[in-house]
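Work through the exercises below with the model open beside you, and try each task before you read its solution.

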Amino acid sequence: MPIRLDQRLAAVASLVRADSAADIGCDHGKLAYFLVSTDRVKRAIATDISEESLKKARALATENGVEKVMITRLGDGLDPVESEEVDAVIIAGLGGDVIAGILDRAFEHKKRFESYVLSPNTHPEKVRRELKKIGQRVTFDRAVECAGKLYTVIRSEAGEDDLDEIQIAFGKFYKSDRDFEKRARQELKFVRDLLEAGASSTKLEERAQMLEKALYNIENEE
Ligand SMILES: C[S@@+](CC[C@H](N)C(=O)[O-])C[C@H]1O[C@@H](n2cnc3c(N)ncnc32)[C@H](O)[C@@H]1O
């Protein structure tokens, strides 16, 4: 059965360049199924911490006769996957703090993978900081629109990265991203309006400063 992914998962799938991949927190299993059924990967391991979620992925695989190449496993984060089993790791639709925690724990357990495709629902900065820590170089980092919402999609591969604090906050390629510039101007106006209206918050002030720095860097880019 052919499957159509929404724009968020389609963007994630388009960034998977590997023979084998693990989809952590697969839930319905659509992404892993799409990857194996379109021959984008030869083998996928779809995992989830919830048996209820994994049941859906398992059913999708068996109903479509791909259970030999779409393996389902129950477990927390990268616990059910060994380094030598897959080239790429995908984690989409979880919070950035959870994704960063999963990557960190796997790294502490000496697990190493060639590339990662990550789409945090929140806190993308935590994911970027973690990637830098575990020796991954970001090769793609953009916000993708899906059903009126923006989702960060990041791809990385083994290598050194020297991301500064603005890149950690807004993405490695923010300077050349016209959509980011537009969004940053709108957000800065919103934050300044709040501060002028008397909102007192260190976080808001810090956010305004970061946005100002990012916009300054864009305007003064050589
Ligand atoms: C919102 S769904 C995202 C599903 C799919 N990845 C997507 O992007 O459409 C999140 C899934 O992650 C699973 N999950 C949450 N924490 C997890 C963890 N630490 N390890 C593995 N799976 C986890 C949940 O059970 C749930 O099925």
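**Exercise 1.** Does K110 count as buried or exposed, and why?

*Solution.* Before starting, note that this is a predicted model, in which local features need pLDDT of at least 70 and side-chain atom pairs count only at pLDDT 80 or more, while totals for chains, interfaces and linings use all residues. Residues are numbered from 1 along each chain as its sequence is written.

Step 1: recall the rule, by which a residue is buried if 20 or more other C-beta atoms (placed from the backbone) lie within 10 Å of its own, exposed if 12 or fewer, and partly exposed in between. Step 2: apply the rule to K110, which counts as exposed because it has 7 C-beta neighbours inside 10 Å. Step 4: look across to E82, which is 28 residues away along the chain and has its C-alpha atom 9.7 Å from that of K110.

**Exercise 2.** Find which residues of helix 2 (residues 30-37) are buried, and what they pack against.

*Solution.* Step 1: seven of the eight residues of helix 2 are buried, so that the helix is mostly covered. Step 2: the buried residues are K30, L31, A32, Y33, F34, L35 and V36. Step 3: they pack against several elements, among them helix 1 (7-14), strand 1 (20-24) and helix 3 (51-63), where two residues are in contact if their C-beta atoms, placed from the backbone, lie within 7 Å. Step 4: turn to helix 1, where R8, L9, A11, V12 and A13 are buried, and where the covering elements include helix 2, strand 4 and strand 5.

**Exercise 3.** Describe the backbone and the exposure of D27 and of H123.

*Solution.* Step 1: D27, in the loop between strand 1 and helix 2, has a positive phi of about 50° although it is not a glycine. Step 2: D27 counts as partly exposed because it has 18 C-beta neighbours inside 10 Å. Step 3: H123, in the loop between strand 5 and helix 5 (124-133), is also not a glycine and has a positive phi near 45°. Step 4: H123 is partly exposed, because 16 other C-beta atoms lie within 10 Å.

**Exercise 4.** Which residues come nearest to the ligand?

*Solution.* Step 1: of the 17 residues around the ligand, those that come nearest are G25, D27, S53, A92 and G93, and a residue is near a molecule if its C-beta atom, placed from the backbone, lies within 6 Å of it. Step 2: strand 2 (43-48) and helix 4 (96-108) are the elements that give two or more residues to this shell. Step 3: sort the shell into eight nonpolar, six polar and three charged residues, counting Ala, Val, Leu, Ile, Met, Phe, Trp, Tyr, Cys and Pro as nonpolar, Asp, Glu, Lys and Arg as charged, and the others, Gly among them, as polar.

**Exercise 5.** State how the chain is divided into domains, and how far apart their centres lie.

*Solution.* Step 1: the chain is divided into domain 1 (7-163) and domain 2 (178-219), with bounds that come from an automatic or database domain assignment. Step 2: the C-alpha centres of the two domains lie 31 Å apart.

Notes:
Helices (H or I, at least four residues) and strands (E, at least two) are DSSP runs, numbered from the N terminus.
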